[in-house]
Amino acid sequence: MEQEIREYALEIGFDNVGFTTADPFTQLTEALEERKEGYSWVSNRLLQLANVADPCNVLPSARSVIVLIYDYHKQAFPEKLIGRIGKAYQSRLYPGKKRLFGSRLRLMRDFLGAKGMEVGYRPAMPERQAAVRAGVGSFGCNTFVHEPGRGSYIGIVAMAVSAELEPAAAVSETRCFDDCRRCFEACPTGALYEPYKMNPLQCIAFNTYGPGNFPGAPEDIPIEIREKMGSWIYGCDLCQDACPMNQKRLKQTLVPDAYLEEIAPKMDPKVLLAMDDNYFQETVQQLLYGYIWEKKFLQRNAAIALGNSGDEGVVNLLATTMEDPEEMVRQYSAWAIGRIGGNKSKNVLELKAKNETSEKVKAEIAYALESF
Ligand code: SF4
Ligand code: SF4
């Protein structure tokens with residue numbers, strides 16, 4: 001049965017498969033308990049990580065967990081999107097019903113169902129822990145799972161099934177290079193604070209989609225994080241790109257992806273900041289549909305990226321978006337203008353302060369003006 005599952009998974013586009021038991025992932029629940037401060041919002045609200053750390057809470061009849069690996073570093077990533085949109089997000093690894101990746105998951109479920117298995121799947125299942133326990137790879141200090149020969153550019157899916165499948169031996173040795181600190185040095189925010197530990201609240205990737213959007217997450221992106229987000233508007237790859245275990249993959253010559261090449265110029269932060277609902281629905285969501293469902297969050301991120309660019313040429317655009325009906329867009333446009341600085345920016349902020357009605361935006365303008 002394991003061989004049949006493997007062959008089918010490879011046939012429908014996955015790149016590797018592992019099997020493990022349905023025992024609870026107790027290390028995860030212990031870690032969540034120990035690091036409540038950084039994780040309580042996600043644990044208690046949106047994803048209920050602690051709950052799904054026991055596969056039997058996903059599928060009461062669970063006996064095994066199947067781990068499916070998708071290598072998302074198969075095509076070249078457009079220059080324009082590097083440093084702006086994380087590679088996993090460019091690769092659209094979401095379980096959406098009408099999407100290719102979602103179709104693979106459905107095909108797999110149907111296949112397992114036809115073999116007489118009950119199948120349980122939730123996106124929040126502890127995929128990385130399952131991958132390590134299934135022997136697919138091992139954790140790197142940057143908290144990603146590194147598969148031997150493939151590195152960490154992998155999407156992982158864990159499915160609980162009712163069949164007893166032969167578990168694999170875990171890859172026990174850490175593959176990090178001795179004394180390597182490259183991921184820590186590459187992380188601009190200090191989110192990676194010790195080996196195998198990352199604080200999501202400090203992570204750029206989380207901050208591009210969590211605040212104000214995920215139930216229980218903070219309302220705003222902290223000022224000190226905004227400044228370190230640089231040009232990222234969705235995700236962050238820095239701690240993976242810095243890793244020696246990924247360098248071989250990064251040096252490969254890959255074929256450009258026609259869709260990504262076509263959409264790359266449409267993801268310019270100036271375009272995103274000024275986009276209308278139709279553009280968001282018809283263009284942006286075709287690529288970025290995983291975590292953000294309202295355009296104001298991407299406009300916020302675009303405003304931050306423009307602020308961090310320091311380009312005085314975008315102050316006029318930001319002045320326009322300070323008239324946006326959405327409070328969040330006005331707020332972060334004000335921050336971006338302050339971040340750019342200069343006399344023109346100061347004049348715009350002083351002018352906008354006169355008519356602004358939102359206390360939140362007024363506070364952001366006042367904060368921005370303090371820096372002049
Ligand atoms: S994704 Fe970016 S911000 Fe998050 S831990 Fe890695 S380098 Fe740091
Ligand atoms: S950058 Fe170095 S320390 Fe970090 S995950 Fe890679 S090998 Fe490990």
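Modeller: Two strands count as a pair when DSSP finds at least two bridges between them. Keep that rule in mind as we walk through this predicted model.

Biologist: Happy to! What makes β2 and β7 a pair?

Modeller: Strand β2 (residues 64–71) and strand β7 (residues 154–161) are joined by 8 bridges in the antiparallel sense. The rule asks for at least two, so β2 and β7 qualify with their 8 bridges. Along the pair, V67 faces A158 in β7, and D71 is set opposite I154 in β7.

Biologist: What makes β4 and β7 a pair?

Modeller: The count for β4 and β7 is 2 bridges, again antiparallel. At least two are needed, so these 2 bridges meet the rule. Here G120 is opposite A160 in β7.

Biologist: Which order do the strands of the open sheet follow?

Modeller: The 4 strands are arranged as β1-β2-β7-β4, with antiparallel pairing.

Biologist: Why are β1 and β4 said to stand at the edges?

Modeller: β1 (16–21) and β4 (119–120) each have a single partner strand, so one side of each has no neighbour in the sheet. Helix α1 (residues 2–11) packs on this sheet and touches β1 and β2. The direction of α1 makes about 145 degrees with that of β1.

Biologist: Now the ligands. What makes a residue part of the shell around ligand 1?

Modeller: Its C-beta atom has to lie within 6 Å of the ligand. The residues around ligand 1 include A186, C187, T189, C203 and C236. Two helices, α9 (204–209) and α11 (238–241), each contribute at least two residues to that shell.

Biologist: How many charged residues does the shell around ligand 1 have?

Modeller: There are none: the shell has 11 nonpolar residues and 1 polar.

Biologist: What classes make up the shell around ligand 2?

Modeller: That shell has 9 nonpolar, 2 polar and 1 charged residues. Among its members are G140, C141, N142, R182 and M245. Arg counts as charged, so R182 belongs to the charged class.

Biologist: Finally, which domains does the chain have?

Modeller: The domain assignment gives domain 1 (2–73 + 91–161) and domain 2 (268–372). Taken over C-alpha atoms, the centres of domain 1 and domain 2 are 37 Å apart.

Key. Residues numbered from 1 in each chain as written. Chains lettered and ligands numbered in written order. Predicted model: local features only at pLDDT ≥ 70, side-chain atom pairs only at ≥ 80, totals over all residues. Domains from an automatic or database assignment. Contact = placed C-beta atoms within 7 Å. Axes fitted to C-alpha atoms, helices over the stretch in contact; angles between N-to-C directions.
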